[in-house]
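Welcome, and please open your viewer with the chain loaded. We will go from stop to stop, selecting a few residues each time.

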Amino acid sequence: MRYGLLTALLATSVAVPMAQTASAAEVEVMHWWTSGGEQAAVSVFADEFDKLGDDKWLDTAIAGGPNSRAATMQRVLGGDPPGAAQFNPGRQYEELIEGGYLLDLTELAEKEGWKDFIRPESILTNACEKDGKIWCVPVNIHSWQWGWASIPVFEKSGVEVTTNLQDFLKAAPKIKEAGFIPFAIGGETWQHSGAFNNAVIVSVIGKEGYYKLFRDKDAEYARSAEVTEVFKIWRELVSYIDEGSANRNWNDTTNLVITDKAALQIMGDWARGEFAVAGEKPGVDYECLPGPSDTPYLTTDGDIFLFPKQDDPEVEAAQLKMASMMINPRVQALFNLAKGSLPVRADVDLSLADACMKKGLALLDDPETVITATNRFLTEDTSGQINDLVAEFSFNSSVSIEDAQERFATILENAD
């Protein structure tokens, strides 16, 4: 779901050429899940769907969310729609709804009582409901606020795994002296702004400070001493990155923690899928650290699937079957365990959940620890300006804390 620097369309080993003709019971699914953990997750959906009968999942994986969404739009508007397509919650598919291109899922949603078990309810109503009808299926909850720590690296460095950023920075010199990378991050700008905006800011100044900045766009507060502390901590964190950081993607960065070369990465919960594919066990090989903070919060973004209208009634029946399968409690547990995300329903079989999913679900159960993601407050233009600023601040030490903080405040001051 995060491939900011990937621009080419790359079909993976599970991909099926888009030109392939679908039969009556075949549903072509377009998505951008191409890392190891993501492919494991989408395979859960495909396998579970194929088990339901004669209908078949036809997989079309396209690297990069923008690429995949653009290809879907072109296919739909060009009269060759796929059977299902991944999007993120938001307004990206609003014109498809307004144009009458999507299958109406309202009857299925009412029959299965989606509004009774999907939580937070906003995941369904904000993302999929328009004019009283349901147009998509939310399949997971993603949160940026996670630290991923290599237990062996901390042990070999002679320090305990820390649970907050301040203690981590105290331990970082010993980790570096022991020959490890203390803090792992890649070069894509979204990796930096994602960690800075959604994890470090919340970790350092808490929920109210986070809302003052991104919801209220309080420029005066952005210039305060509290926010200066955020920039100081980020500058110290990135002083512990390695020289290969600039050209690395997110999952290769996660692999540095998996292979015990780096101590800590701040990345969304989708990183957990990479640990699972590698056979790593939480509490044994790695720790998942919500926040990272002793008072953590979680945002609740994620992925949705929509189903473009088809001419064939058999394909439409298979689309409805697929939508129902995606929201099934058992499938929700299996899929999200592989994906690293949290299920959209609370009644999943927790015997299937690992320790990290249980930590996330416990936070999700408390409305006080759930916060709204920055992309609900910021336009693409404002987000882009912050992305560029944070990445420049990370890699260019000549940009002072004072200058970066003032530019940050100015961006918020001018945000629409």
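Start by selecting P292, which lies in the loop between β10 (286-290) and β11 (298-299). Strands here are DSSP runs of E with at least two residues, helices are runs of H or I with at least four, and both are numbered from the N terminus. The peptide bond leading from G291 into P292 is cis, with omega near -15 degrees.

Before moving on, a word on the model: it is predicted, local features need pLDDT of at least 70, side-chain atom pairs count only at pLDDT 80 or more, and totals for chains, interfaces and linings use all residues. Residues are numbered from 1 along each chain as its sequence is written, and side-chain values use heavy atoms, with hydrogens and water left out.

Next, select R119 and P120, which are also joined by a cis peptide bond, with omega about -10 degrees. P120 sits in the loop between α5 (114-117) and α6 (122-128). Then pick D131, in the loop between β4 (129-130) and β5 (133-134). D131 is not a glycine, yet has a positive phi of about 55 degrees.

Now colour the domains: the assignment, which is automatic or from a database, gives domain 1 (26-143 + 301-346) and domain 2 (159-299 + 372-414). Their C-alpha centres lie 30 Å apart. Across the boundary, 18 residues of domain 1 are in contact with 14 residues of domain 2, contact being heavy atoms within 4.5 Å.

How much area is buried between domain 1 and domain 2? About 1,300 Å², with carbon and sulfur atoms giving 44%; this is the accessible area (1.4 Å probe) that the two parts lose on being put together, summed over both. Select S143, D301 and G340: they supply 43% of the area that domain 1 buries against domain 2, more than any other three residues.

For salt bridges, look for a side-chain nitrogen of Lys or Arg within 4 Å of a carboxyl oxygen of Asp or Glu. The count by this rule is 19, with zero between domain 1 and domain 2. Show R330 and E48, a salt bridge whose closest N and O atoms are 2.9 Å apart. R330 belongs to helix α15 (residues 329-339) and E48 to helix α1 (residues 36-50), so to speak a link between distant parts of the chain, 282 residues apart.

Finish with helices α8 (residues 165-177) and α11 (residues 225-238), packed at about 35 degrees with axes 11 Å apart. Axes are lines fitted to C-alpha atoms over the stretch in contact, and angles run from 0 to 180 degrees between N-to-C directions. Show L165, Q166, F168 and L169 in α8, which meet I233, E236 and L237 in α11.
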